[in-house]
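Dear colleague,

A summary of the findings follows it.

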Amino acid sequence: MATAEGNIGRAGPSVRRLILGSQLRRLREQSGISCAEAGYSIRGSASKISRMETGRISFKERDVDDLLTLYGLSDLDERAQLMSLVAQTKQTGWWHRYNERMPKWFEDYVGLEEAAARIQSWELQFIPGLLQTEDYARMAFAHGHPRAAEESIESMVDLRMRRQRILGGTHPPRLWMVIDESVLHRTLGSAAMLKKQIDRLLELTELSHISLQVIPFAKSGYVAEGAFSILRFAETELPDIAYIEHLTGALYLERLDEIEVYGRAFDRLVVDAETPRGTRQFLEKIRADL
């Protein structure tokens, strides 16, 4: 297998599903077997095989064992490692305790975010979640979910603060955020709260692995009409993933042509935006005017 055992051990269940799925796809393609043929062998469909290979559904030991036999995998060590991965995909991440408050479609993102080596995001409504203060996050959730109970909002805030721990970990991801200037004028609560949020941005952008750029009103980020994130991983067999959230769910795009579109859009946003150093000056000016 191409994946180092240590990397698998540190990965969460979402990433383990991706790793296992990518290995199953590699073996199927090497054996010249179609998705339809593989699906038939496990009493399923081509669609099921596709969802397994992209890590979108859970794995059954029996299905994986039958597929490995079909694909002619005779290496006992590799077979044992792949079967071990099946069990590991069933483990729960730290975010499991938030499941009652967290949408099902968001669970995978939290796991992928924690495993990403690089996160690139474009935001035009709010400060990116990984950079928010607790008070800012609380007001953002209260505005977005006006009928939510206080307990529910506090749980969502707690989840967001827990996600931010990746920024101070031993191997933090390289964070590259681009935001529209309007984000910095949307107070949500009070000018004092926004000042604290800007102070937090200035503090975080002193870290070498975090870059923030602001697109001024004159440019306005016309190249992308909505927010998105691109997650990139250190494991070479894992695809880059573009994440686009909407009101009732989210899209996880990983086809090369799709990733190229979002990659080019992000590059254009970076060019249009103030430089990281210019952004710090921009932030300081807005803070002084509050």
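Which residues of helix α7 (residues 104–115) are buried? They are Phe106, Glu107, Asp108, Tyr109, Val110, Gly111, Leu112 and Glu113, where buried means under 20% relative accessible area, exposed over 50% and partly exposed in between, with a 1.4 Å probe and protein chains only. The cover over these buried residues of α7 includes α2 (13–31), β1 (118–123), α9 (150–163), β4 (228–232), β5 (241–246) and β6 (249–253).

Please note that this is a predicted model, in which local features need pLDDT of at least 70 and side-chain atom pairs count only at pLDDT 80 or more, while totals for chains, interfaces and linings use all residues. Residues are numbered from 1 along each chain as its sequence is written, and side-chain values use heavy atoms, with hydrogens and water left out.

Overall form

The chain contains twelve helices and six strands; these are DSSP runs numbered from the N terminus, helices being H or I of at least four residues and strands E of at least two. For 290 residues, a compact globule would have a radius of gyration near 19 Å, and the 21 Å of the chain agrees with this. That radius is taken over C-alpha atoms, and the globule rule is 2.2 Å times the number of residues to the power 0.38. Along the principal axes, the C-alpha atoms fill a box of roughly 70 × 40 × 35 Å. Of the 290 residues, 50% are buried.

Nonpolar cores

In soluble globular proteins, nonpolar side chains tend to be buried together. The largest nonpolar core here has 63 residues, and Met52, Leu112, Leu131, Leu175 and Leu184 have the most contacts inside it. Such a core is a set of buried Ala, Val, Leu, Ile, Met, Phe, Trp, Tyr and Cys residues joined through side-chain atoms within 4.5 Å. Apart from it lies another core of 15 residues, including Trp122, Val178, Leu253 and Ala273. Not counting residues up to four places away in sequence, Leu184 touches Ile127, Ile179, Leu194, Leu201, Val214, Phe282, Leu283 and Ile286, a contact being heavy atoms within 4.5 Å.

Backbone points

Most residues other than glycine have a negative phi. Arg43, in the loop between α3 (35–41) and α4 (46–53), has a positive phi near 60 degrees. Leu188, in the loop between β2 (174–180) and α10 (191–204), has a positive phi near 65 degrees. Leu188 is also buried, with a relative accessible area of 16%.

Yours sincerely
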